[in-house]
Amino acid sequence: MTSVEHLTSRARHGRHREVLPELLELATDPAAPPDPAWEAAAAAVQILCWEDRFAEAGELAELLIERQGPGGGDLCDQDMPFTEAFLAAQLYAGVPAQPRMRAAADHVPEGRVLRDGLLWPAEQLDIRPVEWLLPCHYDWGGPRVPREGVIGEWLLDRDFAALEPREKRVAWEAVAKTNDFARGRELVESLGELPDQYHLCLWLAGWYAVEGDVAGGERMLLAAHTRWWPYMRWDVIPTSEVLQPTLRQVVTDEVRQHFLTRPAGPEASGGAS
């Protein structure tokens, strides 16, 4: 196991705060090989966001792209979580994202994922709020959407408890697609049903937040933690919970402690050591 793989696995074991200084040291070491350096930086950005150190996360993203972008290496095939670092630094640290993202994109060769991933949201900032460009944004507090054409809408009138597990997943997706929190809350509070999908727990948590039900939102975020799985090998902790302003309303001290100290993903299931 390489050093960065060891560090990210330790983090997913719930030792995020302990590992962060080592990740930052590797990420900022000019002599470190490019791939371990940017992977360590990606993991560090995620943890910095949970520590509300958004300015540092943006600065780290800036440093990595300036150093590695011109070489056209594997960093240039990524966009997450570096794009989010710039956006979060604007939202929570007051550092304008648009000029930084455009300057960072200038360091990346044409046609690469990272360049496009920086320029598109930079353009969108002229017409959209920052939170719309961050992951897992929903129309919390907005109106219900018509059911017609929504996949799974035919399941919404059936007895939910009688549905097969696969049908329940489709039905939960339909509930979220129609933005029907009343139905979602009924399933949770009356039937004791929770969605298996991580992102749908976030949808519910945001609705509880706008309803002013912190305890309900907290419950959904804790459930989301057990359903999260790393998308990339450097993924050590999900960040939508602390990036989305609505979700932050229900990130209680218990939630923050839970996410930063409990094993998650393969480390929680015994699939890694």
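Tutor: Here are some questions and answers on this predicted model.

Student: What does the secondary structure of the protein chain come to?

Tutor: The protein chain has 16 helices and zero strands.

Student: How do you know that the radius of gyration agrees with a compact globule?

Tutor: Set the value against the rule. For 273 residues, a compact globule would have a radius near 19 Å, and the protein chain has 20 Å, so the two agree. The C-alpha atoms fill a box of roughly 60 × 45 × 30 Å along the principal axes.

Student: How much of the protein chain is buried?

Tutor: Buried residues make up 52% of the 273 residues. The protein chain exposes about 12400 Å², and carbon and sulfur atoms supply 50% of that area.

Student: Why is Val242 called buried?

Tutor: The cut-off is under 20% relative accessible area. Val242 has 0%, so Val242 counts as buried.

Student: Where is Val242, and which residues is Val242 in contact with?

Tutor: Val242 lies in helix α13, residues 240-243. Leaving aside neighbours within four places in sequence, its contacts include Cys49, Trp50, Phe54 and Tyr92. Arg248, Val251 and Arg256 are also in contact with Val242.

Student: How far apart are the C-alpha atoms of Val242 and Glu51?

Tutor: They are separated by 9.1 Å, though the two residues are 191 apart along the chain. Across the protein chain, take the contacts between residues at least 6 apart in sequence: 68% of these join residues at least 24 apart.

Student: What makes Cys76 and Cys201 buried?

Tutor: Again the limit is under 20%. Cys76 has 0% relative accessibility, so Cys76 is buried. Cys201 also has 0%, so Cys201 is buried.

Student: How do you know that Cys201 is in no disulfide?

Tutor: A disulfide needs two cysteine sulfur atoms within 2.5 Å. The cysteine sulfur nearest to Cys201 is that of Cys136, 11 Å away. That is beyond the cut-off, so Cys201 is in no disulfide. The structure as a whole holds zero disulfides.

Student: Why is Glu218 said to have no salt bridge?

Tutor: A salt bridge needs a side-chain nitrogen of Lys or Arg within 4 Å of a carboxyl oxygen of Asp or Glu. For Glu218, the nearest side chain of opposite charge is Arg219, 9.3 Å away.

Student: Where is Glu218, and which residues is Glu218 in contact with?

Tutor: Glu218 is in helix α12, residues 214-227. Beyond neighbours within four places in sequence, Glu218 is in contact with Val250, Thr252, Glu254 and Val255.

Conventions. Residues are numbered from 1 along each chain as its sequence is written. This is a predicted model: local features need pLDDT of at least 70, side-chain atom pairs count only at pLDDT 80 or more; totals for chains, interfaces and linings use all residues. Side-chain values use heavy atoms; hydrogens and water are left out. Helices (H or I, at least four residues) and strands (E, at least two) are DSSP runs, numbered from the N terminus. Buried means under 20% relative accessible area, exposed over 50%, partly exposed in between (1.4 Å probe, protein chains only). Lys and Arg count as positive and Asp and Glu as negative; His and the chain ends are not counted. Contact means heavy atoms within 4.5 Å. The radius of gyration is taken over C-alpha atoms; the globule rule is 2.2 Å times the number of residues to the power 0.38. Accessible areas come from the Shrake-Rupley method with a 1.4 Å probe; for residues, only the protein chains shown count as cover.
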